[in-house]
Amino acid sequence: MERLTEKELYNGRICYTKCRYTNCKDRCSDCDIPEEAAKKLKQYEDQEENGELLNIPCKIGDVLYVKMQDGGYAEGEVRDYIYFISCGFCVVITSTKGEFNKQNIPFSEFGRTIFKTKDEAEAVLRK
């Protein structure tokens, strides 16, 4: 993703620019973006560039839909997250209707074998 902020020194103060001076109001002195918000956004962008920011695709308690070996799908609930050296970060999911035991599914499987909505799961199974 393209950066929205850059840290610059301008007139003796640190400036977190988002526009790289295109149509900028006197280069930061009259900026509409609060300095603390720009500083926080820059921190997130730095973490993203350095591979330190984890994008979690769901939250604990979410209902997800898991593709089953028989070609259908089963509903499950997110219980936790876990990390394995072999496959990275995984979502720990248990069946809401007893169709499967606890599964650890890699984040990379979202949109392939695990889905956020029933419609999304059904659309992939129709293909």
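Leaving aside neighbours within four places in sequence, Thr94 is in contact with Gly76, Glu77, Arg79, Phe100 and Lys102. These contacts were computed from a predicted model. Thr94 lies in strand S5. With a relative accessibility of 18%, Thr94 counts as buried, because the cut-off for a buried residue is under 20%. The side chain of Thr94 is joined to that of Arg79 by a polar contact of 2.8 Å.

When neighbours within four places in sequence are left aside, the residues in contact with Ile93 are Leu64, Val66, Gly76, Glu77, Val78, Phe100, Asn101, Lys102, Gln103, Ile105 and Ile114. Ile93 is also among the residues with the most contacts inside the largest nonpolar core, together with Leu64, Val91 and Ile114. This core has 13 residues. At least two core residues are supplied by each of strand S3 (63-67), strand S4 (73-84) and strand S5 (88-95). In soluble globular proteins, nonpolar side chains tend to be buried together.

For the protein as a whole, 2 helices and 7 strands were assigned. Along the sequence they follow the pattern β-β-α-β-β-β-β-β-α. Of the 127 residues, 28% are buried. The protein exposes about 8,800 Å², and 48% of this area is supplied by carbon and sulfur atoms. Among contacts between residues at least 6 apart in sequence, 33% join residues at least 24 apart.

Key. Residues are numbered from 1 along each chain as its sequence is written. This is a predicted model: local features need pLDDT of at least 70, side-chain atom pairs count only at pLDDT 80 or more; totals for chains, interfaces and linings use all residues. Side-chain values use heavy atoms; hydrogens and water are left out. Helices (H or I, at least four residues) and strands (E, at least two) are DSSP runs, numbered from the N terminus. Buried means under 20% relative accessible area, exposed over 50%, partly exposed in between (1.4 Å probe, protein chains only). Contact means heavy atoms within 4.5 Å. Accessible areas come from the Shrake-Rupley method with a 1.4 Å probe; for residues, only the protein chains shown count as cover. A nonpolar core is a set of buried Ala, Val, Leu, Ile, Met, Phe, Trp, Tyr and Cys residues joined through side-chain atoms within 4.5 Å. A polar contact is a pair of N or O atoms within 3.5 Å; within protein, one must be able to donate a hydrogen and the other to accept it, and residues adjacent in sequence count only if both atoms are side-chain atoms.
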